[in-house]
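Dear colleague,

Please find the structure below, handed over for your use.

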Amino acid sequence: MQMSRVPVFAFVEGVNVDGYVHGANCDRALSPLGIDYRVAPADELPGAGGGKSRLKSYYSHLAEHGSLATDFKGKVTIVLFFMDKDVDERLGLLINSPHVLYTWFYDVENHVFHEGDVAGAVSSSCSLAPNWCRQEFGGRGSWQEVAARTWIEWVRLCFAAKSLRISGAANYGRPSAVNPTAHLAADASLVAEYSAKLKSDSQAADVSERQWNEAFAVVDSEYANGYWDTVFKGKWYAHILFSQVIANCPNKIDSKHLAASLVKHVAATMNFNSPWSLAMQQAIRNLAVSHGLRAASAE
């Protein structure tokens, strides 16, 4: 890919909120230094596969050719990659490089809902009264815990399948198959059915009973310690929020594209002063400064 001579070129995985969230952190890190930047989605890169696959492939290409940071006639260009952590650290798949910055939670949508105002976003997105939205979704930072706990049975199954490398009935690539109504409790018979199928698949893959139980215990421990966002996929929040809004809102609303719209509205309420956002901004700033980037007026 031919990059412009923008000093900082950043790639992100997705197209829904990734560019805004990571771009906002770049803006806060670099604009005060007078350093220009560009943020581009992974689908602008060559190749097939999902966003992360393309990012990792392009990172490897640049790393092999020593092109993560270049200096052409005194013009420095550095390349950044923003990636969702998923459960990569548990699989030994994290890239250890200052040019690769990960979410602290499962994906960027976890940070959106953790740091955003769900009630305010629903109010503006659906043109609903703020008082009803506050009563329904609570204050900033409260709704997502209820949502994540509603899907804990599905999270256990997906985490076990992912961490134990079992391909089968449950996976992070789909919404919950055991919560027939997304914002309501799981169906016990479906939980039993999917658990039995996945456990059978695990036995066929020579996964021991101890490993199976340990995978479930990891999820329960993360939830108990308030860290459900490390194992709950943030993109699922939109499914749950959409279901709850449609089922409970007092007014008739246009549901077309509502799930994607809700996430964007929640992102618009982020303050970008959370520990993760501040850490990202510092890492971006450190990388730029370490390669000698500074405002043109300071040169």
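**Helix α12 and its surroundings**

The buried residues of helix α12 are W276, S277, M280, Q281, I284, L287 and A288. Viewed down the axis of α12, these buried residues fall within an arc of 135°, so they line one face of the helix. An α-helix has 3.6 residues a turn, so residues three or four places apart point the same way. Please note that the model is a predicted one.

The elements that cover the buried residues of α12 include α1 (18-30), β4 (75-83), β5 (100-102) and α3 (108-115). On the face turned away from the buried side, α12 carries the exposed residues P275 and S290.

The length of α12 was also checked. The helix comprises 16 residues (residues 275-290), and at 1.5 Å a residue it should span 22 Å. Its end C-alpha atoms are 22 Å apart, which agrees with that expectation. Just after α12, G292 takes a positive phi of about 80°.

**The packing of α5 and α10**

Two packed helices are described by the angle between their axes and the distance between the axes. For helix α5 (residues 130-137) and helix α10 (residues 236-248), the angle is about 125° and the axes are 12 Å apart. An angle over 145 degrees would count as roughly antiparallel and one of 65 to 115 as roughly perpendicular; α5 and α10 are therefore oblique to each other. The crossing in which α5 passes α10 is right-handed. Residues W132, E136 and F137 of α5 make the contact with L241, Q244, V245 and N248 of α10.

How buried is V191, in terms of relative accessible area? The value for V191 is 17%, and the residue counts as buried because the cut-off is under 20%. Not counting residues up to four places away in sequence, V191 touches E153, V178 and A186. With E153, V191 is 38 residues apart along the chain, while the C-alpha atoms of the two are separated by 6.9 Å.

D201 is buried too, with a relative accessible area of 18%. Leaving aside neighbours within four places in sequence, D201 is in contact with I166, S167, G168 and A169.

Yours sincerely

Definitions and conventions
Residues numbered from 1 in each chain as written. Predicted model: local features only at pLDDT ≥ 70, side-chain atom pairs only at ≥ 80, totals over all residues. Heavy atoms only, no water. Helix = DSSP H or I, 4+ residues; strand = E, 2+ residues; numbered from the N terminus. Expected span 1.5 Å × (residues − 1). Buried < 20%, exposed > 50% of the residue type's maximum accessible area, 1.4 Å probe, protein only. Arc of directions from axis to C-beta. Contact = heavy atoms within 4.5 Å. Axes fitted to C-alpha atoms, helices over the stretch in contact; angles between N-to-C directions. Parallel < 35°, antiparallel > 145°, perpendicular 65-115°, else oblique. Left-handed = near helix turned anticlockwise from the far one by under 90°.
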